[in-house]
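Thanks for coming. I will take the model on the screen one part at a time, and I will say what each term stands for when it comes up.

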Amino acid sequence: MTLFQIAINNLRRRKSKMVFVVLGLAIGIATIVSVFNVVESMREQMTRQMADFGANIVITPDTGELAFSYGGITIPPTLFDVEQLTMVDVDKINELPARQMVRAVAPKLLGVASSGARHVIISGSDLQSEFAIKPWLRLQQSGEMGEASPSPKDMDYEKLNLAREDISAVSLTDGEVLLGATIAEELGVMPGDTLEIAGMEFQVFAVLAENASTEDNQVMMNLAVSQRILQRPGEVTVIELSADYSLGSEDALLDQLNGALPHAEVISLRQAALGRDEMVTRLTRFGASVSILVLFVGMLTVAITMSGAVRERTREIGIFRAIGFRKSHVATIILIEGAVVSLLGGAVGYVAGLAAARGAGPFLSGMEIAVPWSTGLFLAAMLLAVIIGVLASLYPARQASRLDPAEALRFM
Amino acid sequence: MTEVLIKADSLKKIYKSFGDEVEALRGVSLEIYKGESVAVMGHSGSGKSTLLSIIGGLNPPSAGRIEIDGIDLYALSQEKRADFRREYLGFVFQQFQLIPYLTAMENVMLPLTTTSYSAKRKREMAEYVLTRVGLEGKMNRLPNQMSGGEQERVAIARAIVNEPPLILADEPTGSLDTKTGQEIMELFHELNSEGLTILMVTHNPENTASMGRTISMKDGRLCADQAEVVPLAACKAR
């Protein structure tokens with residue numbers, strides 16, 4: 001006979017009451033588990049979408065405070081005397097141990113060159129890589145110049161097709177350029193026309209569909225040609241990477257990049273974007289508030305039920321004390337009961353929370369999220385339940401241990 | 001010379017309730033020797049249950065002193081007193097007071113729960129006393145599956161399982177029919193003849209027949225202390 005056996009036997013006898021306690025805690029734990037699961041799955045889904053979406057790491061020269069913005073990404077002006085990125089840096093990236101995580105490396109050189117009487121922004125890159133990391137880029141179909149704009153459906157990240165068959169078709173010769181929609185309109189050129197840039201003749205290969213981003217104003221050409229025109233051989237302004245975080249650790253990749261490119265600034269767009277994502281943040285806050293409230297109610301249920309049970313067991317506790325149980329022994333019985341009931345509540349709560357997240361998660365988040373079983377979260381839920389249950393049992397335990405045995409046995 | 005087991009000196013107990021004071025004990029002194037069997041008789045409210053609870057270490061006296069086996073009971077801390085009860089005392093309560101969700105065996109093992117005996121040893125000790133009180137074959141029954149007499153036997157087995165020198169019994173036959181009551185009293189007599197000291201509170205004059213000494217109480221005082229039954233009517237004359 002042990003204190004544990006006494007506690008278990010008592011719980012067995014009071015099944016119906018204990019069901020209330022288990023349910024009280026289970027609802028609290030289920031709320032937390034479901035909210036946590038939905039939020040985590042949303043984060044994961046967003047990470048995956050961003051990986052599909054394109055570049056999620058941007059590498060620029062480290063300029064300290066001297067920087068200007070490019071499409072929301074901070075990049076340095078070429079005018080400043082900073083150590084520029086070069087093709088050697090691109091080679092270093094390709095030699096990283098975590099290279100297999102990187103689906104596309106897109107170095108590019110940005111600069112300004114003259115075209116007749118005006119200046120144009122030149123972007124030299126490998127267009128295959130560029131299209132791989134910017135899957136929203138579309139070429140204008142002939143005849144829709146100036147009116148083409150991607151429909152919302154086209155911009156729906158989930159509908160983007162990274163493996164577009166047309167990528168292989170976007171291959172420029174050194175004498176060809178690809179124009180953004182705005183600049184093409186401003187220059188009044190169409191595919192097939194010739195264009196003079198920095199004293200060289202180029203043929204317009206195609207015009208991009210308008211996408212309301214930086215590319216609309218750019219003249220895109222092969223990287224080597226731009227280096228020649230801008231007289232910056234071997235240099236690149238920015239290197240964009242598309243990393244697949246399902247293949248390895250983001251931190252490890254970022255560490256390796258920082259280690260290999262000490263003079264460069266490595267920015268993770270995923271971390272920045274996730275941090276900025278208000279919907280997730282708000283949902284997290286709201287979920288946390290509701291969870292705490294529900295858990296508090298669960299805790300009260302445990303405390304009230306256990307306290308009531310202690311009052312009902314006055315005589316029994318008097319017997320324990322009379323036959324030599326110390327106060328601490330009596331308190332231990334109550335705490336064991338609280339812990340056992342909480343473990344049950346935690347387990348039921350986790351399963352219910354998982355089911356709720358799977359059922360209502362896609363509706364709540366508006367995403368096709370998958371909620372997997374997580375042993376870590378299961379154990380955390382159990383631990384939390386036990387902590388709550390034991391905390392809630394502290395008062396009833398104290399109440400039980402302080403019972404006057406003489407009074408309990410009606411000797412008085 | 002027989003050794004003194006219980007030595008009570010001028011025990012007083014005053015209960016306070018809503019501003020009123022009730023004197024339950026008004027200076028009780030007595031000595032009980034090892035191996036004695038003592039019946040405490042008296043009407044309801046005479047203070048006999050209070051005396052039992054004070055001797056049992058459950059109810060501190062308002063004044064006076066009580067020693068058991070030379071130990072000043074109320075000089076001990078509450079927790080030490082709990083240890084004392086486990087080692088020195090066996091309680092047989094009114095209406096058996098078994099734990100309803102534990103079997104006869106488990107109820108009997110209760111006083112051993114907080115000891116360092118092995119599980120096997122605890123079981124052996126419980127089996128031994130249950131057999132001793134005639135309950136072999138019924139050890140795994142719950143209290144509600146047993147008769148009143150059987151439950152009383154479980155309660156007695158629980159009181160003696162930790163081999164205490166002193167048994168305190170509060171109206172042990174109060175809930176039993178006459179025949180079963182007699183059987184229980186015979187059991188107490190046997191235990192006493194084996195050397196256990198027994199102090200029993202009872203209403204029933206018949207129970208005193210098998211007890212070596214009878215103490216009568218009235219209004220919180222001892223009014224008779226002798227080795228024979230004193231009719232309660234005699235108390236009134238004093």
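Helices and strands here are DSSP runs, numbered from the N terminus: a helix is H or I over at least four residues, and a strand is E over at least two. With that in hand, find Q97(B), which sits in the loop between strand 6 (89–92) and helix 3 of chain B. Its phi is positive, about 55 degrees, although Q97(B) is not a glycine. Most residues other than glycine have a negative phi. Q97(B) is buried, with a relative accessible area of 9%. Buried means under 20% relative accessible area, exposed means over 50%, and partly exposed lies in between, using a 1.4 Å probe and protein chains only.

Some ground rules. This is a predicted model, in which local features need pLDDT of at least 70 and side-chain atom pairs count only at pLDDT 80 or more, while totals for chains, interfaces and linings use all residues. Residues are numbered from 1 along each chain as its sequence is written, chains are lettered from A and ligands numbered from 1 in the order in which they are written, and side-chain values use heavy atoms, with hydrogens and water left out.

Next, confidence. pLDDT is the predictor's confidence in each residue, from 0 to 100. Chain B has a mean pLDDT of 88, and 94% of its residues reach 70 or more. Where in chain B is confidence lowest, and where is it highest? The lowest is helix 7 (residues 232–237) of chain B, with a mean of 46, and the highest is helix 3 (residues 104–109) of chain B, at 95. Over residues 228–238 of chain B the pLDDT is below 50, and this stretch has 14 contacts in the model beyond near neighbours in sequence. Contact means heavy atoms within 4.5 Å. For the complex, the predictor gives an ipTM of 0.90 and a pTM of 0.67.

Now the place where the chains meet. In this model, 31 residues of chain B are in contact with 27 residues of chain A. The two chains bury about 2,700 Å² between them, 63% of it on carbon and sulfur atoms. Buried area is the accessible area (1.4 Å probe) that two parts lose on being put together, summed over both.

A salt bridge is a side-chain nitrogen of Lys or Arg within 4 Å of a carboxyl oxygen of Asp or Glu. There are two salt bridges between chain B and chain A. On the chain B side, helix 2 of chain B gives the largest share of the residues that touch chain A, namely seven.

On to the sheets. Strands of a sheet pair through backbone hydrogen bonds, either parallel or antiparallel. Two strands count as paired here if DSSP finds at least two bridges between them. Chain B has an open sheet of four strands in the order 2-1-4-5, with antiparallel pairing. Strand 2 (20–33) and strand 5 (71–72) of chain B are at the edges with a single partner strand each, so one side of each has no neighbour in the sheet. Strand 1 (residues 4–17) and strand 4 (residues 63–68) of chain B run antiparallel and are joined by five bridges. I6(B) has I68(B) in strand 4 of chain B as its bridge partner.

E31(B) lies in strand 2 of chain B. E31(B) is partly exposed, with a relative accessible area of 29%. Leaving out residues up to four places away in sequence, E31(B) touches V4(B), I6(B), K7(B), E36(B) and R213(B).

In chain A, look at strand 5 (residues 102–115), where eleven of the 14 residues are buried. Strand 5 of chain A pairs with strand 12 (residues 238–243) of chain A in the antiparallel sense over six bridges, and A106(A) stands opposite E240(A) there. Eight bridges join strand 5 of chain A to strand 6 (residues 118–125) of chain A, also antiparallel. These two strands form a hairpin with two residues between them, and G116(A) in the turn has a positive phi of about 65 degrees.
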